[in-house]
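Have the model open as you read.

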Amino acid sequence: MTPYDPAALEEDIEVLADWLARAEVVAPFTGAGISTESGVPDFRSPGSPWLANQPIPFDVFVASPQARREAWRRKFVMDDLYAGAKPGRGHHFLAELVASGKAPAIITQNIDGLQQAAGVPADQVIELHGNGTYATCLDCGERHELAEIRPAFEATGEPPACKRCGGIVKAATISFGQAMPQQALQRAQALAEESDLFIAIGSSLLVHPAAGLPVTAKRHGARLVIVNREPTPLDGIADLVLNGEIGTICMQLAQLSGDEGRGID
Ligand SMILES: [Zn+2]
C-alpha cells in the first residue's frame, strides 16, 4: 500500500462529502473491499480460500453430477467461513445514501448479500455476479433456499434437483463460463449513464465488463471517484482517488453528510 498523507485524505473526504451533497444521481459501485471488514474474504487476495481450488466452470457443472456434488460441498465449506458476516460501515453508509433518495440503486460485484442485510431493498441492489445466499433452478428459475438444500445434501450426498421441474439447482452466483446476467448489466449501464457522481468503492476495477462502468459514467459526464485500499487501473481518469480503509472513509463521509443535514444552508 502506498503511503498516503492522512491530512490529504481528510481533505479528499471533505471534497467527496461536498460532491455527494450536490449530486443529484449517485451511482455507487462496490467490490470485495467493502466487505473485508465484515470478514468476507476477497477472493483475489493471497491466502484466500477461493484460490485453494480450481474453479468449476459452468459447462462442467451442468454436465457432471460429480462436479455438482463437489461444487455444493465447497459452497457449504465456504459459507461456514463467513456465516456470521454482518454489514460493515461501508454497507451502512450506502444504505443511507439509497434511503435518502440520492442513489437509485447500488451496483455490486459482491455475492454476499450484505448490502441487503444493511437494509437496502433487494430490487435496489444490482448484482453483476449474482448472489450466494440462495440458489436457483437453471431450467425454470425457481428460487431454492440453502437452509433446505443443505441438510438434504449432507444426508444424501446428492446434488439438489428442482422441486418444481427436476432441473439442476445451482447457487445463484455467476460461475466461470456462465453468461452475465443481462438485465443486471443493462440496469447498471443505465445508472452509470444517468449518474452525475459515480463512486467505485472497494473494487480493483480489473474484471470486465463491470470495470467498464466507471468509464461509461465518465464518458456521460459524471464525476468519477475511486475509493480503494490500493491503486486501480482507472485512477488516471478519476476526478478523485481516495486510498485508505474503506470502512473508516465511509464512516467519516456519513458523519460529514450528517453534519450537513443538521446545518443551515
Ligand atoms: Zn426448475
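Leaving aside neighbours within four places in sequence, which residues is His129 in contact with? With contact meaning heavy atoms within 4.5 Å, the list is Thr108, Gln109, Ile111, Thr173, Ile174, Met180 and Val207. This is a predicted model, where local features need pLDDT of at least 70, side-chain atom pairs count only at pLDDT 80 or more, and totals for chains, interfaces and linings use all residues. Residues are numbered from 1 along each chain as its sequence is written, and side-chain values use heavy atoms, leaving out hydrogens and water.

UniProt lists His129 under "active site" in an unreviewed entry; such annotations may be inferred rather than shown by experiment. His129 sits in the loop between E3 and E4. His129 counts as buried because its relative accessibility is 17%, and the cut-off for buried is under 20% (1.4 Å probe, protein chains only).

Now the second largest pocket, with a volume of about 540 Å³. A pocket here is an open set of points on a 1 Å grid where a 1.4 Å probe fits, with protein on both sides within 12 Å along at least five of seven lines; lining residues have an atom within 4 Å of a point. There are 25 lining residues, with Glu127, Gly130, Tyr134, Pro181 and Ala184 nearest the centre.

| Class | Lining residues of the second largest pocket |
|---|---|
| Nonpolar | 11 residues |
| Polar | nine residues |

Domain 1 (1–40 + 86–129 + 180–265) and domain 2 (41–81 + 131–173) each supply at least three lining residues.

Terms used: Points joined across faces, edges and corners; volume = space filled by probe spheres on them. Nonpolar A, V, L, I, M, F, W, Y, C, P; charged D, E, K, R; others polar. Domains from an automatic or database assignment. Helix = DSSP H or I, 4+ residues; strand = E, 2+ residues; numbered from the N terminus. Buried < 20%, exposed > 50% of the residue type's maximum accessible area, 1.4 Å probe, protein only.
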